[in-house]
Amino acid sequence: MNVRLGTPNDIDDCANIVGGQPLWDRYDYPREHVVRDLRRAICQPAAGPNQVWVAEDDQIVRGFAWIVKKGGMARSDYLRLIAVARGGEGRGVGAALLDVAEGEAGRPGMFLLVSDFNIHA
């Protein structure tokens with residue numbers, strides 16, 4: 001498993017991960033909004049607050065994590081979105097992404113929100 005910063009070439013693959021799962025329908029987050037938001041996050045200048053980390057295996061995107069630097073009450077990094085492709089569950093994809101996110105966060109840590117209906121989070 002390789003985890004690296006996302007590029008514009010990853011946007012469609014990441015959007016397909018979100019768009020292809022019923023969980024994200026609950027969030028009312030359609031694929032076209034994911035594409036729009038990821039384009040803004042990935043294509044901004046490197047000094048900006050967003051980082052999108054992509055996990056790939058055999059050159060296939062298996063998941064991604066979107067971090068907003070200092071986005072948690074302007075104090076800690078905010079894990080805005082983490083998603084794993086179908087079939088990637090239980091294979092260490094989410095754990096690898098969280099390891100990178102936590103390593104990037106440093107002190108005082110990372111902030112995230114989870115909905116009560118997302119029982120697998």
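Reader: Where does Gly-92 lie?
Author: Helices and strands here are DSSP runs (H or I of at least four residues for helices, E of at least two for strands), numbered from the N terminus. Gly-92 lies in the loop between β4 (76-84) and α4 (93-105). The C-alpha atoms of Gly-92 and Ala-55 are separated by 9.9 Å, and these two residues are 37 residues apart along the chain. This is a predicted model, in which local features need pLDDT of at least 70, side-chain atom pairs count only at pLDDT 80 or more, and totals for chains, interfaces and linings use all residues. Residues are numbered from 1 along each chain as its sequence is written, and side-chain values use heavy atoms, leaving out hydrogens and water.

Reader: Why does Gly-92 count as partly exposed?
Author: Buried means under 20% relative accessible area, exposed over 50%, and partly exposed in between (1.4 Å probe, protein chains only). Gly-92 counts as partly exposed because its relative accessibility is 35%.

Reader: And Asp-37, is it buried or exposed?
Author: Asp-37 is buried, because its relative accessible area is 8%. Its place is in helix α3 (residues 31-42).

Reader: Which residues does Asp-37 touch, not counting those up to four places away in sequence?
Author: A contact means heavy atoms within 4.5 Å. With that sequence limit, Asp-37 touches Tyr-29, Trp-66 and Arg-80.

Reader: What about the phi of Asp-58?
Author: Most residues other than glycine have a negative phi. Asp-58 is not a glycine, yet has a positive phi of about 55°. Asp-58 is found in the loop between β2 (50-57) and β3 (60-72), and counts as exposed at 63% relative accessibility.

Reader: And what is the phi of Gln-59?
Author: Gln-59 has a positive phi of about 60°, although it is not a glycine. Gln-59 is found in the loop between β2 and β3, and at 75% relative accessibility it counts as exposed.
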